[in-house]
Amino acid sequence: MSAVAQFDPLQYEFPLELERDYSPMGVPLRIITNSPDILAAADPCWESYPLLDDAAPMTMRVAVTKQRGIFPARPCLPIGQEHLVSMIHGPEDFAVCDLAASFTYARLTQAVAADSAYVRYHFLDPAVYLMAEAARFCPVHASCIALNGRAVLLCGESGAGKTSLAYACAKRGWTFLSGDATYIVRDTSEAIVAGRPHSIRFRAEARRLFPELGVYLPERRPNGKLDLELDTKELGLDTAFRSKACAVVFLNRKSDERPATIASFPRANGFMQLSQAICYGNTHIRTAQKTALLNFLELPALELTYTDFDRAEQVLRVLASGRP
(Lines give C-alpha, C1' and ligand atoms only; values in the text may rest on other atoms or scores of the structure.)
Protein backbone atom coordinates (compact mmCIF):
# COMPACT_ATOMS: atom_id res chain seq x y z
CA MET A 1 0.00 0.00 0.00
CA SER A 2 1.39 3.41 -0.93
CA ALA A 3 2.09 6.14 1.58
CA VAL A 4 -0.63 8.26 -0.01
CA ALA A 5 -3.20 5.49 0.38
CA GLN A 6 -2.22 5.02 4.04
CA PHE A 7 -2.81 8.67 4.90
CA ASP A 8 -6.54 8.83 5.64
CA PRO A 9 -7.02 10.88 8.83
CA LEU A 10 -10.79 11.32 8.26
CA GLN A 11 -11.21 7.60 7.49
CA TYR A 12 -12.87 8.10 4.12
CA GLU A 13 -11.49 4.70 3.14
CA PHE A 14 -12.94 2.85 6.15
CA PRO A 15 -13.93 -0.49 4.58
CA LEU A 16 -17.69 -0.98 4.19
CA GLU A 17 -18.04 -4.28 2.36
CA LEU A 18 -21.75 -4.99 2.85
CA GLU A 19 -24.51 -3.41 0.79
CA ARG A 20 -28.26 -3.96 0.65
CA ASP A 21 -31.18 -2.22 -1.07
CA TYR A 22 -34.52 -1.54 0.59
CA SER A 23 -37.60 0.55 -0.22
CA PRO A 24 -39.17 2.03 2.94
CA MET A 25 -42.59 3.46 2.00
CA GLY A 26 -41.70 2.55 -1.58
CA VAL A 27 -38.67 4.88 -1.71
CA PRO A 28 -35.31 3.34 -2.73
CA LEU A 29 -32.70 3.13 0.01
CA ARG A 30 -29.17 1.72 -0.08
CA ILE A 31 -27.44 0.80 3.19
CA ILE A 32 -23.67 0.36 3.01
CA THR A 33 -21.95 -1.00 6.11
CA ASN A 34 -19.33 -3.33 7.48
CA SER A 35 -21.67 -4.86 10.06
CA PRO A 36 -24.15 -7.73 9.59
CA ASP A 37 -25.87 -6.43 12.74
CA ILE A 38 -26.97 -3.28 10.89
CA LEU A 39 -28.52 -5.30 8.07
CA ALA A 40 -30.16 -7.63 10.60
CA ALA A 41 -31.73 -4.58 12.25
CA ALA A 42 -32.86 -3.08 8.92
CA ASP A 43 -34.35 -6.26 7.40
CA PRO A 44 -37.49 -6.48 9.60
CA CYS A 45 -38.18 -2.79 9.01
CA TRP A 46 -38.01 -2.56 5.24
CA GLU A 47 -37.40 -5.81 3.39
CA SER A 48 -41.14 -6.32 2.74
CA TYR A 49 -41.83 -2.92 1.17
CA PRO A 50 -42.32 -2.87 -2.61
CA LEU A 51 -40.39 -0.36 -4.70
CA LEU A 52 -42.84 2.37 -5.76
CA ASP A 53 -40.42 5.16 -6.70
CA ASP A 54 -37.75 5.06 -9.41
CA ALA A 55 -35.78 8.08 -8.17
CA ALA A 56 -32.12 7.89 -7.12
CA PRO A 57 -31.84 6.00 -3.84
CA MET A 58 -31.30 7.51 -0.45
CA THR A 59 -27.95 6.37 0.95
CA MET A 60 -26.99 5.46 4.50
CA ARG A 61 -23.39 4.51 5.27
CA VAL A 62 -22.88 2.91 8.69
CA ALA A 63 -19.35 2.28 9.95
CA VAL A 64 -19.23 0.04 13.01
CA THR A 65 -15.94 0.29 14.89
CA LYS A 66 -14.19 -1.69 17.59
CA GLN A 67 -13.87 1.43 19.71
CA ARG A 68 -15.21 1.23 23.24
CA GLY A 69 -18.01 3.76 23.56
CA ILE A 70 -20.12 4.89 26.47
CA PHE A 71 -22.27 1.90 27.38
CA PRO A 72 -25.12 1.93 27.79
CA ALA A 73 -25.26 4.71 25.21
CA ARG A 74 -26.85 8.01 26.19
CA PRO A 75 -29.82 8.67 23.88
CA CYS A 76 -30.67 12.24 23.02
CA LEU A 77 -32.98 14.05 20.62
CA PRO A 78 -31.75 14.88 17.11
CA ILE A 79 -30.58 18.45 16.56
CA GLY A 80 -30.78 20.25 13.23
CA GLN A 81 -29.63 23.32 11.36
CA GLU A 82 -30.62 23.99 7.73
CA HIS A 83 -30.37 20.67 5.85
CA LEU A 84 -28.18 18.92 8.46
CA VAL A 85 -29.45 16.82 11.37
CA SER A 86 -27.18 15.28 13.99
CA MET A 87 -27.86 12.34 16.30
CA ILE A 88 -25.12 12.22 18.92
CA HIS A 89 -25.22 9.57 21.63
CA GLY A 90 -21.56 9.81 22.58
CA PRO A 91 -18.14 10.45 21.00
CA GLU A 92 -18.19 7.02 19.28
CA ASP A 93 -21.93 6.69 18.53
CA PHE A 94 -23.36 9.33 16.24
CA ALA A 95 -24.97 10.02 12.86
CA VAL A 96 -25.24 13.03 10.57
CA CYS A 97 -28.03 13.36 7.99
CA ASP A 98 -27.76 15.59 4.95
CA LEU A 99 -31.42 16.01 4.03
CA ALA A 100 -30.65 17.96 0.87
CA ALA A 101 -28.49 15.13 -0.49
CA SER A 102 -30.55 12.22 0.93
CA PHE A 103 -27.36 10.96 2.58
CA THR A 104 -26.60 9.80 6.13
CA TYR A 105 -23.31 8.79 7.68
CA ALA A 106 -23.35 6.94 11.02
CA ARG A 107 -20.44 5.73 13.12
CA LEU A 108 -21.38 3.28 15.85
CA THR A 109 -19.68 0.97 18.30
CA GLN A 110 -20.24 -2.76 18.16
CA ALA A 111 -22.26 -2.74 21.38
CA VAL A 112 -24.77 -0.26 19.96
CA ALA A 113 -24.93 -1.94 16.54
CA ALA A 114 -25.71 -5.28 18.19
CA ASP A 115 -28.73 -3.83 20.02
CA SER A 116 -31.28 -4.05 17.18
CA ALA A 117 -34.10 -2.24 18.98
CA TYR A 118 -31.82 0.62 20.02
CA VAL A 119 -30.15 1.09 16.64
CA ARG A 120 -33.49 0.96 14.82
CA TYR A 121 -35.24 3.43 17.10
CA HIS A 122 -32.42 5.96 17.53
CA PHE A 123 -30.53 5.77 14.22
CA LEU A 124 -32.03 3.78 11.33
CA ASP A 125 -35.67 4.87 11.58
CA PRO A 126 -35.13 8.59 12.22
CA ALA A 127 -32.40 8.97 9.61
CA VAL A 128 -34.24 7.13 6.85
CA TYR A 129 -37.66 8.64 7.45
CA LEU A 130 -36.25 12.15 7.77
CA MET A 131 -34.49 11.74 4.41
CA ALA A 132 -37.65 10.38 2.80
CA GLU A 133 -39.80 13.17 4.24
CA ALA A 134 -37.39 15.84 3.06
CA ALA A 135 -37.29 14.49 -0.48
CA ARG A 136 -40.79 13.24 -1.18
CA PHE A 137 -43.31 13.53 1.65
CA CYS A 138 -45.05 15.75 4.15
CA PRO A 139 -45.41 13.98 7.51
CA VAL A 140 -48.61 14.22 9.55
CA HIS A 141 -49.36 12.79 12.98
CA ALA A 142 -52.35 10.70 11.97
CA SER A 143 -53.61 7.17 11.60
CA CYS A 144 -54.84 6.11 8.18
CA ILE A 145 -57.38 3.55 6.99
CA ALA A 146 -59.07 3.03 3.64
CA LEU A 147 -62.32 1.55 2.39
CA ASN A 148 -62.55 0.52 -1.26
CA GLY A 149 -59.45 2.58 -2.07
CA ARG A 150 -60.69 5.75 -0.34
CA ALA A 151 -58.42 6.65 2.58
CA VAL A 152 -59.43 8.59 5.68
CA LEU A 153 -56.85 10.23 7.96
CA LEU A 154 -57.65 10.12 11.67
CA CYS A 155 -56.05 13.06 13.47
CA GLY A 156 -56.14 14.37 17.01
CA GLU A 157 -54.30 15.02 20.21
CA SER A 158 -52.77 12.24 22.30
CA GLY A 159 -55.57 10.13 23.77
CA ALA A 160 -58.06 10.92 21.00
CA GLY A 161 -58.02 7.25 19.97
CA LYS A 162 -56.36 7.47 16.53
CA THR A 163 -54.68 4.07 16.61
CA SER A 164 -57.48 2.30 18.46
CA LEU A 165 -60.16 3.58 16.08
CA ALA A 166 -58.00 2.67 13.06
CA TYR A 167 -57.64 -0.85 14.46
CA ALA A 168 -61.37 -1.09 15.20
CA CYS A 169 -62.12 -0.14 11.59
CA ALA A 170 -59.52 -2.57 10.23
CA LYS A 171 -61.18 -5.38 12.20
CA ARG A 172 -64.41 -4.49 10.39
CA GLY A 173 -62.96 -4.82 6.90
CA TRP A 174 -61.11 -1.55 6.32
CA THR A 175 -57.57 -1.53 4.94
CA PHE A 176 -54.91 -0.41 7.41
CA LEU A 177 -52.16 1.97 6.24
CA SER A 178 -50.69 3.51 9.38
CA GLY A 179 -51.19 3.69 13.13
CA ASP A 180 -49.61 6.99 14.11
CA ALA A 181 -47.61 8.47 11.22
CA THR A 182 -48.96 9.08 7.72
CA TYR A 183 -47.13 10.72 4.82
CA ILE A 184 -48.64 12.97 2.16
CA VAL A 185 -46.95 12.30 -1.19
CA ARG A 186 -45.70 15.59 -2.59
CA ASP A 187 -45.48 16.67 -6.23
CA THR A 188 -48.68 14.97 -7.32
CA SER A 189 -52.03 16.41 -8.34
CA GLU A 190 -53.85 13.69 -6.38
CA ALA A 191 -54.21 13.40 -2.60
CA ILE A 192 -52.03 10.30 -2.25
CA VAL A 193 -50.87 9.14 1.19
CA ALA A 194 -48.26 6.57 2.19
CA GLY A 195 -48.23 4.50 5.34
CA ARG A 196 -46.16 2.11 7.39
CA PRO A 197 -48.61 -0.79 7.63
CA HIS A 198 -46.47 -3.69 8.80
CA SER A 199 -46.89 -2.99 12.51
CA ILE A 200 -49.31 -1.26 14.84
CA ARG A 201 -48.42 0.16 18.23
CA PHE A 202 -50.85 0.39 21.14
CA ARG A 203 -50.64 1.70 24.65
CA ALA A 204 -50.70 -1.10 27.21
CA GLU A 205 -54.28 -0.25 28.24
CA ALA A 206 -55.55 -1.18 24.76
CA ARG A 207 -55.80 -4.74 26.04
CA ARG A 208 -58.85 -3.64 28.04
CA LEU A 209 -60.52 -2.23 24.92
CA PHE A 210 -59.75 -5.22 22.69
CA PRO A 211 -59.83 -8.55 24.58
CA GLU A 212 -57.98 -10.36 21.77
CA LEU A 213 -54.89 -8.29 22.55
CA GLY A 214 -54.77 -9.73 26.08
CA VAL A 215 -52.50 -12.57 24.94
CA TYR A 216 -49.74 -10.05 24.13
CA LEU A 217 -47.45 -8.61 26.79
CA PRO A 218 -46.37 -4.97 26.70
CA GLU A 219 -42.66 -4.37 26.17
CA ARG A 220 -40.44 -1.50 27.20
CA ARG A 221 -39.42 0.49 24.12
CA PRO A 222 -36.05 2.25 23.80
CA ASN A 223 -37.77 5.53 24.73
CA GLY A 224 -38.88 4.00 28.04
CA LYS A 225 -42.59 3.69 27.20
CA LEU A 226 -44.45 0.45 27.84
CA ASP A 227 -46.31 -0.45 24.63
CA LEU A 228 -47.64 -3.24 22.48
CA GLU A 229 -46.05 -3.30 19.02
CA LEU A 230 -47.72 -6.00 16.95
CA ASP A 231 -47.42 -7.42 13.45
CA THR A 232 -50.52 -6.54 11.42
CA LYS A 233 -50.30 -9.84 9.54
CA GLU A 234 -50.44 -11.72 12.83
CA LEU A 235 -53.56 -9.72 13.69
CA GLY A 236 -55.12 -10.64 10.35
CA LEU A 237 -55.46 -7.08 9.09
CA ASP A 238 -55.70 -6.14 5.43
CA THR A 239 -52.96 -3.60 4.64
CA ALA A 240 -51.86 -1.23 1.89
CA PHE A 241 -48.79 0.94 1.34
CA ARG A 242 -50.48 3.85 -0.44
CA SER A 243 -53.98 5.08 -1.14
CA LYS A 244 -55.90 8.10 -2.38
CA ALA A 245 -57.37 10.13 0.49
CA CYS A 246 -60.95 11.35 0.56
CA ALA A 247 -61.15 13.16 3.92
CA VAL A 248 -59.24 14.36 6.97
CA VAL A 249 -61.05 13.63 10.24
CA PHE A 250 -60.15 15.21 13.58
CA LEU A 251 -61.22 13.09 16.53
CA ASN A 252 -63.08 14.43 19.54
CA ARG A 253 -63.44 11.54 21.96
CA LYS A 254 -65.98 11.87 24.79
CA SER A 255 -66.39 9.74 27.90
CA ASP A 256 -70.19 10.10 28.17
CA GLU A 257 -72.56 7.94 26.13
CA ARG A 258 -73.63 9.73 22.96
CA PRO A 259 -74.19 9.02 19.27
CA ALA A 260 -71.26 9.59 16.92
CA THR A 261 -71.62 12.80 14.93
CA ILE A 262 -69.55 14.43 12.23
CA ALA A 263 -69.32 18.13 11.41
CA SER A 264 -67.12 20.56 9.52
CA PHE A 265 -63.73 21.36 11.06
CA PRO A 266 -61.99 24.72 10.43
CA ARG A 267 -59.28 24.20 7.80
CA ALA A 268 -57.01 26.76 9.49
CA ASN A 269 -57.21 24.83 12.75
CA GLY A 270 -56.41 21.63 10.90
CA PHE A 271 -53.35 23.16 9.28
CA MET A 272 -52.13 24.52 12.63
CA GLN A 273 -52.47 21.11 14.26
CA LEU A 274 -50.98 19.01 11.48
CA SER A 275 -48.11 21.36 10.61
CA GLN A 276 -46.56 20.70 14.04
CA ALA A 277 -44.96 17.60 12.51
CA ILE A 278 -43.09 19.81 10.01
CA CYS A 279 -40.00 20.66 12.03
CA TYR A 280 -36.90 19.33 10.22
CA GLY A 281 -35.05 20.57 7.17
CA ASN A 282 -34.13 23.92 5.72
CA THR A 283 -36.62 26.59 4.70
CA HIS A 284 -37.00 25.13 1.21
CA ILE A 285 -37.89 21.67 2.52
CA ARG A 286 -40.32 22.90 5.17
CA THR A 287 -41.99 25.31 2.75
CA ALA A 288 -42.53 22.48 0.25
CA GLN A 289 -44.05 20.33 3.00
CA LYS A 290 -46.36 23.10 4.22
CA THR A 291 -47.50 23.80 0.66
CA ALA A 292 -48.31 20.11 0.22
CA LEU A 293 -50.25 20.13 3.49
CA LEU A 294 -52.25 23.21 2.47
CA ASN A 295 -53.14 21.60 -0.84
CA PHE A 296 -54.04 18.36 0.90
CA LEU A 297 -56.45 20.19 3.22
CA GLU A 298 -58.56 21.09 0.20
CA LEU A 299 -60.10 17.72 1.05
CA PRO A 300 -63.10 17.78 3.41
CA ALA A 301 -61.84 18.54 6.93
CA LEU A 302 -64.25 17.13 9.51
CA GLU A 303 -64.60 16.61 13.25
CA LEU A 304 -65.84 13.26 14.52
CA THR A 305 -67.29 13.39 18.03
CA TYR A 306 -67.67 9.89 19.41
CA THR A 307 -67.69 7.64 22.44
CA ASP A 308 -67.54 4.06 21.16
CA PHE A 309 -65.75 2.56 18.20
CA ASP A 310 -68.78 0.80 16.68
CA ARG A 311 -70.74 4.01 16.11
CA ALA A 312 -67.65 5.89 15.01
CA GLU A 313 -66.85 3.22 12.42
CA GLN A 314 -70.39 3.39 11.05
CA VAL A 315 -70.10 7.16 10.54
CA LEU A 316 -66.69 6.78 8.88
CA ARG A 317 -68.03 4.04 6.62
CA VAL A 318 -70.73 6.36 5.31
CA LEU A 319 -68.11 9.09 4.81
CA ALA A 320 -65.73 6.82 2.88
CA SER A 321 -68.54 5.45 0.73
CA GLY A 322 -69.30 8.94 -0.54
CA ARG A 323 -72.95 8.65 0.45
CA PRO A 324 -74.66 11.77 1.89
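**Close-up 1. Helix H2 meets helix H4 in this predicted model.** Ile38, Ala41, Ala42, Pro44, Cys45 and Trp46 of H2 are in contact (heavy atoms within 4.5 Å) with Ser116, Val119, Arg120, Leu124, Asp125, Val128 and Tyr129 of H4. By class, 10 residues of this contact are nonpolar, one is polar and two are charged. Here Ala, Val, Leu, Ile, Met, Phe, Trp, Tyr, Cys and Pro count as nonpolar, Asp, Glu, Lys and Arg as charged, and the others, Gly among them, as polar. H2 spans residues 36-46 and H4 residues 116-136; their axes come within 10 Å and cross at roughly 65°. Axes are lines fitted to C-alpha atoms, for helices over the stretch in contact, with angles from 0 to 180 degrees between N-to-C directions. The crossing is right-handed: the near helix is turned clockwise from the far one by less than a right angle. Helices (H or I, at least four residues) and strands (E, at least two) are DSSP runs, numbered from the N terminus.

Residues are numbered from 1 along each chain as its sequence is written. The model is predicted, so local features need pLDDT of at least 70 and side-chain atom pairs pLDDT 80 or more, while totals for chains, interfaces and linings use all residues; side-chain values use heavy atoms, without hydrogens and water.

**Close-up 2. The E1-E2 hairpin.** Strand E1 (residues 18-22) runs antiparallel to E2, joined by five bridges. Strands pair if DSSP finds at least two bridges between them. Arg20 faces Ile31 of E2 across the pair. Six residues lie between the two strands, and Met25 in this turn has a positive phi of about 55°. Four of the five residues of E2 (residues 29-33) are buried, so the strand is largely enclosed by the rest of the structure. Buried means under 20% relative accessible area, exposed over 50%, partly exposed in between (1.4 Å probe, protein chains only).

**Close-up 3. From E2 through H2 to E3.** E2 pairs in parallel with E3 (residues 58-65) over five bridges. Arg30 stands opposite Thr59 of E3. E2, H2 and E3 form a left-handed β-α-β unit. A crossover is right-handed if, with the strands pointing away from the viewer, the path from the first strand over the helix to the second runs clockwise.

Close-up 4. E3 and E7 (residues 103-109) run parallel, with seven bridges. Thr109 of E7 is the bridge partner of Thr65.

**Close-up 5. Helix H5.** Nine of the 10 residues of H5 (residues 162-171) are buried, so the helix is largely enclosed by the rest of the structure. Among the buried residues are Lys162, Leu165, Tyr167 and Cys169. Just after H5, Gly173 has a positive phi of about 105°.

**Close-up 6. The three-stranded sheet.** The order is E14-E16-E15, in an open sheet with antiparallel pairing. E14 (199-203) and E15 (219-220) are its edge strands. Two bridges join E15 to E16 (residues 226-231). Arg220 has Leu226 of E16 as its bridge partner.
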